[in-house]
Amino acid sequence: MTSDTQTKTAANRRRITSSVMTTLTATCAFFAVTVLVLIIGYIALRGLGAINLQFLTDTPKPVGEGGGIGNAILGSLILLLLSSVIGLPFGIAVGIYLAEFGAGRFAGLIRFVTDTLTGVPSIVVGVFVYTILVLPMRQFSALAGGIALALVMIPIIARTTEEMIRLVPTSLREGALALGAPQWRVTTGVVLPAAASGIATGAMLAVARVSGETAPLLFTAFGSRFFNVYLDQPIASLTVQIYNYAISPYDEWHAMAWAATLVLMTLILAINILVRFFTRKKI
Amino acid sequence: MATPTSTTASVKSATETMQERTRAFENDRESRVAAKVSVRELDFFYGRAQALHKISLDVGSQIVMAFIGPSGCGKSTFLRTLNRMNDTIPGTRVEGSVQIDGQDIYAPGTDVVELRRRVGMVFQKSNPFPKSIFDNVAYGLRINKLTSSKTELSDRVEEALTNAALWPEVKDRLKASALSLSGGQQQRLCIARALAVRPEVILMDEPASALDPIATQKIEELIVELKRQYTIVIVTHNMQQAARVSDETAFFWLGKLVEVNSTEQMFTNPNEKLTEDYITGRFG
Amino acid sequence: MRNLQPNAPTPAAAQGASARSWNWRRTLAPTGNTGDTVFRSILFACAFILLLIVIIMIGAMAVNSLPSLRAFGFGFLTSQEWNPIAGKFGALPFIYGTILSSLLALFISVPLSLGIAIFLVEQAPRALARPVGFLVELLAAIPSVVYGLWGIFVLAPALRETVEPSLARWFGWLPFFQGNITGIGLFTGGIILAIMITPIITAVVRDVLAAVPVSQREAAFALGATKWETTRVVLTNGAAGIAGAIILGLGRAIGETMAVTMVIGNRAQISASLFEPSYTIASVLANEFTEATGELYLSALIELGLILFLVTFTVNGVARLLVWSVAHRAGGSSVGRAG
């Protein structure tokens, strides 16, 4: 009888432990979601009030004279375009190489290097581009900024591309090969189209990630108070502008930092939610 | 210490042996030239594991040859050596020779792409591309640039679909996705796709194993029909199927070729005890 | 969505790939086709250039660190003095700040991330796990500079008013919680970092837990284990991968720049108090790089960059090995062979 009661008490305790742990883990999740809501909510709250057409189109002005982030928006778009033009084809090519010729020792080395590159802090990428581009050119430039962002982007794209290509069933590949298709046509005509949506998703997320990068731009693209479209000149970007406004001592500029952040976050969240929507529909 | 007589005798016998060997070799060469596909002493390795042992086999023109044997006996592996599909698997190695029309397909400098156009393949699981029905059949024609005009292209597609006995079912929806077809239709589409490039040999790797009896019957009728134009090699685990569609049958066991014979002979009076045991269901 | 965590190896994905295409480490043999040779060469060239870039990266930073290496040698790592005007450069305060802020971040983030991951994989109903998982992933999509902005204007004041005074009152006898309460310092930096690495650790732990075979859970349930007891079995199974996830988070925390720079106070000092301002390697690079006058100053900063590179390189390498060991063990059995 006693042992039976003991077992029952133990079972009760075990059940209680289990429910307590469920509650605890749920609290963790709830906490993380709360932080997200707090951050996004605060951005919306502080940002919405300061946004107007003039803010979105004007260049920065001295304190007390208003001004805007028009040149920073243009600069960010140019930097994103530049880094995508360099980073996307290059990253996809490396990804195809890893997926299609990825068995040898050299490919193993490349895979290792790619993974290493994803782990390199983006500020280090900035330091690197500074030493090889900015120092010799004696000039901060949009080009240096674009290349720094491309270097952040390439390993992400390469690994996503590799993963997506690997998901394409072998039978499709063999089907095409058996018809006398050369390998390059199999890869470009059958495998890549089958993996295209996945690669596009990865590319969009990489662009989103890079659009929030600040550290690699600090000493490459640097920043600018003017509208600039020349690649050999310093160029403004949303993130660096946010940073400069945020660490300034002026309330007016703080408000602008929040407003600029709202613009940036809208872009990034839009991409993420869009990607989520598309991938869910596909699966 | 040999006496002159014995020397003469031994010289004579040696000459005879030589002549016999030459004759045998000549015969062999003749048979190899006559055969569409001719395999000699083929060994195949997955890494260190040997999957095929000294396979020698001839497949004549415009016949259907069936490969039978218990699963894992190497029949699919062997089939895939005939169009070098195993090249895509790392760590595999081939020794011996495979000739198609007298040309060694493993000779250095062989254009594997051209080889695979000449030797078509249909897989166990149908694998249509995620494209339209028309584009699936046209794929091989387009990449190999086998047609010079749009009309010719659509003619060839129609011809291939007709030969694969699929035309009546799909002629009104060529633009529809190939994935909208039923399993049996998809497999026939894959056959049409293989036929479109007009291969000389068609390899079929258990083409009906995933299909229902009615679809299977259609595929079998199709194989018998296709024999008139093509050399067909089919792997099957279904002995009745082998008996129904093939002219000759090869029995594989543990990576070795046990017996090749006319199908009739094979299923009524096989030469080997092992074959008989397998066919009568005593093992496997 | 795993791409939100770009430096996170994903065991579930690797496993899925090996299950679906059995020869995923495929090398296509030469076919004797000209187009193929050209195609292959182009791809090879791209891969090779990437390798070159990394080699040049290490080389360029090493060459540019030479003046500093010559001037200070190993003393660079142990000297406390960072005085650009006097030309004295010692990295110890930055190393200290980097290590302490990262450890503080792990201390907070590890239990939190494990909790979230366990909730999402083992406990939550599917209908809840999906959206909550997505929201947690979104935390990783917020840029560092935005965390910094939020840290300066929301988190730091909040900590200054509430958490830090309480800590000082109850735990003030510990050296960690003494000194001026300003809201700007190591403590805030550590918390910001914790928030930033939580989605990263969570994502990898989720993948690791998901890679544990269902049969393990069924076995535990069949023996009468409760949900939590079953979870513990699963956790034991994924221990190596979880360790990898944590180290991966550490690597990320070490290299994180903007948010930390904005809230940590940027003072090159070594103080036991978490409330005091501090400085990290990444922060000093962000702040002083463009202002570095003189070869030695710049060289010392580049040497810091090189150290940061080598440390994150090692940390990430270890993490990847751990995570892969789990992924491969789980995925190995599904690798079969056709024919």
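What radius of gyration does chain A have, and what would a compact globule of 283 residues have? Chain A has 25 Å, whereas a compact globule of 283 residues would have a radius of gyration near 19 Å (the radius is taken over C-alpha atoms, and the globule rule is 2.2 Å times the number of residues to the power 0.38). The model is predicted, with local features needing pLDDT of at least 70 and side-chain atom pairs counting only at pLDDT 80 or more, while totals for chains, interfaces and linings use all residues. Residues are numbered from 1 along each chain as its sequence is written, and chains are lettered from A and ligands numbered from 1 in the order in which they are written.

Along its principal axes, the C-alpha trace of chain A spans about 85 × 65 × 35 Å. Chain A contains 10 helices and zero strands (helices are DSSP runs of H or I with at least four residues, strands are runs of E with at least two, and both are numbered from the N terminus).

Where chain A meets chain B, 15 residues of chain A are in contact with 23 residues of chain B, contact meaning that C-beta atoms, placed from the backbone, lie within 7 Å. On the side of chain A that touches chain B, the elements giving two or more residues are helix H7 (170–178) and helix H8 (183–211) of chain A, and H7(A) gives the most, with six residues.

In chain B, six strands form an open sheet of mixed pairing, in the order E6-E7-E8-E3-E9-E10, where strands pair if DSSP finds at least two bridges between them. Strand E6 (119–122) and strand E10 (256–262) of chain B stand at the edges with a single partner strand each, so one side of each is left without a neighbour in the sheet. Within this sheet, strand E7 (residues 201–205) and strand E8 (residues 231–235) of chain B run parallel and are joined by five bridges; the bridge partner of Met204(B) in E8(B) is Ile234(B).

In chain C, the axes of helix H6 (residues 144–171) and helix H7 (residues 186–211) come within 10 Å and cross at roughly 125° (axes are lines fitted to C-alpha atoms, for helices over the stretch in contact, and angles run from 0 to 180 degrees between N-to-C directions). The residues that make this contact include Tyr147(C), Gly151(C) and Leu155(C) of H6(C), and Phe187(C), Thr188(C) and Ile191(C) of H7(C).

Terms used:
Contact = placed C-beta atoms within 7 Å.
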